[in-house]
Amino acid sequence: MNWQAISFDWNQARAFLATAEEGSLSAAARVLEQTQPTVGRQVAGLEDRLGIALFERVGRGLVLTPAGRSLREHVRHMADAAAQVSLAAASHTQSIEGLVRITASDVYAAYLLPPVLRHLRDIAPKLEIEIIAANDIRDIQRREADIAIRHVRPEQPELYARLVQDATAHLYAANDYVARRGRPTTKAELSHHDFVGIGETSEMIGYLTPLGINLTPNNFHIGSNSGVVAWDYVRQGLGISFMSDEVANVTKGVTRILPEMEPVVFPVWLITHRDLHTSKRIRLIFNTLSEFLSRNLKA
């Protein structure tokens with residue numbers, strides 16, 4: 001290790017990354033719980049130390065320079081490593097035990113949470129975790145759950161929310177469905193195919209129409225209010241439907257339809273009560289979930 005080559009302070013790098021991720025010095029100051037001038041001095045100090053400009057000011061906002069974009073990827077890896085150190089230390093130095101309830105959609109609960117749960121089992125074996133697989137909004141305020149994974153930011157000031165990912169979704173179908181019915185190559189051709197509905201058919205049609213996908217109830221012969229059930233129907237060749245790319249990537253036997261189509265982008269928020277966020281076990285699980293769910297965003 002060439003220790004002389006490490007010529008900057010981690011706090012400066014952390015301030016730079018927070019500013020790059022949050023989009024402004026003021027937003028970075030909020031998430032770092034520091035003052036805006038302090039964050040500004042740290043970013044300026046990193047620029048002076050490295051001898052490069054990391055941001056340029058456009059209007060009232062900050063935009064990364066090419067050098068800043070390149071550096072951000074390296075600092076993200078540093079932040080991931082630092083988070084692992086903190087989590088590992090927490091598991092050894094704190095007594096973390098007890099019940100924590102996490103609510104997420106049934107699709108996220110079934111397909112995306114298992115790796116996180118295995119990791120939590122390894123680092124905090126005394127924790128008890130209950131997963132509430134629900135597509136409705138569970139009330140964190142009334143403590144129906146301790147942590148929620150949702151796609152809408154809460155407005156209540158007593159709730160703490162962190163945007164961990166801007167996820168993407170595309171249309172998918174089973175390979176055998178495509179073999180039987182053919183692969184649509186345009187949005188217009190989708191009107192001649194079967195779709196698997198998730199929730200109310202009228203709502204799904206209303207959502208698809210602005211995307212240029214014009215369907216009628218005749219396209220929906222099968223559906224379910226459960227995302228897991230609907231996705232399994234897609235997997236078994238009963239029709240086409242939208243699904244998170246992360247979920248599709250871990251599902252065998254499905255293929256993306258109209259891959260050139262712009263993805264549907266939806267936010268993933270991690271939410272807890274501000275009082276609960278001071279709990280050791282809530283903080284450990286919250287930060288671990290944040291790290292796992294944001295990995296694809298940082299990829």
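**Strands, a helix and a buried histidine**

Reader: What makes E1 and E2 a pair?

Author: In this predicted model, strand E1 (residues 55-58) and strand E2 (residues 61-64) run antiparallel, joined by four bridges. Pairing takes at least two bridges, so E1 and E2 qualify.

Reader: Which residue of E2 is the bridge partner of Phe-55?

Author: Leu-64.

Reader: What lies between E1 and E2?

Author: Two residues, and the two strands form a hairpin. Gly-59 sits in the turn, with a positive phi of about 65°.

Reader: How do you know that the span of helix H3 agrees with its 15 residues?

Author: H3 covers residues 36-50. The expected span is 1.5 Å times one less than the number of residues. That gives 21 Å, and the end C-alpha atoms are 21 Å apart, so the two agree.

Reader: Which residues of H3 are buried, and what follows the helix?

Author: The buried ones are Val-39, Gln-42, Val-43, Gly-45, Leu-46 and Glu-47. Gly-51 comes after H3, with a positive phi near 75°.

Reader: Why is His-170 called buried?

Author: His-170 is in strand E6 (residues 159-174). Its relative accessibility is 6%. Buried means under 20%, so His-170 counts as buried.

Reader: What makes the link between His-170 and Asp-245 a polar contact?

Author: Their side chains are joined at 3.0 Å.

Reader: Which other residues is His-170 in contact with, leaving aside neighbours within four places in sequence?

Author: Besides Asp-245, they include Ser-241, Phe-242, Met-243, Arg-256 and Pro-259. Met-261, Glu-262 and Pro-263 are also in contact with His-170.

Key: Residues are numbered from 1 along each chain as its sequence is written. This is a predicted model: local features need pLDDT of at least 70, side-chain atom pairs count only at pLDDT 80 or more; totals for chains, interfaces and linings use all residues. Side-chain values use heavy atoms; hydrogens and water are left out. Buried means under 20% relative accessible area, exposed over 50%, partly exposed in between (1.4 Å probe, protein chains only). A polar contact is a pair of N or O atoms within 3.5 Å; within protein, one must be able to donate a hydrogen and the other to accept it, and residues adjacent in sequence count only if both atoms are side-chain atoms. Contact means heavy atoms within 4.5 Å.
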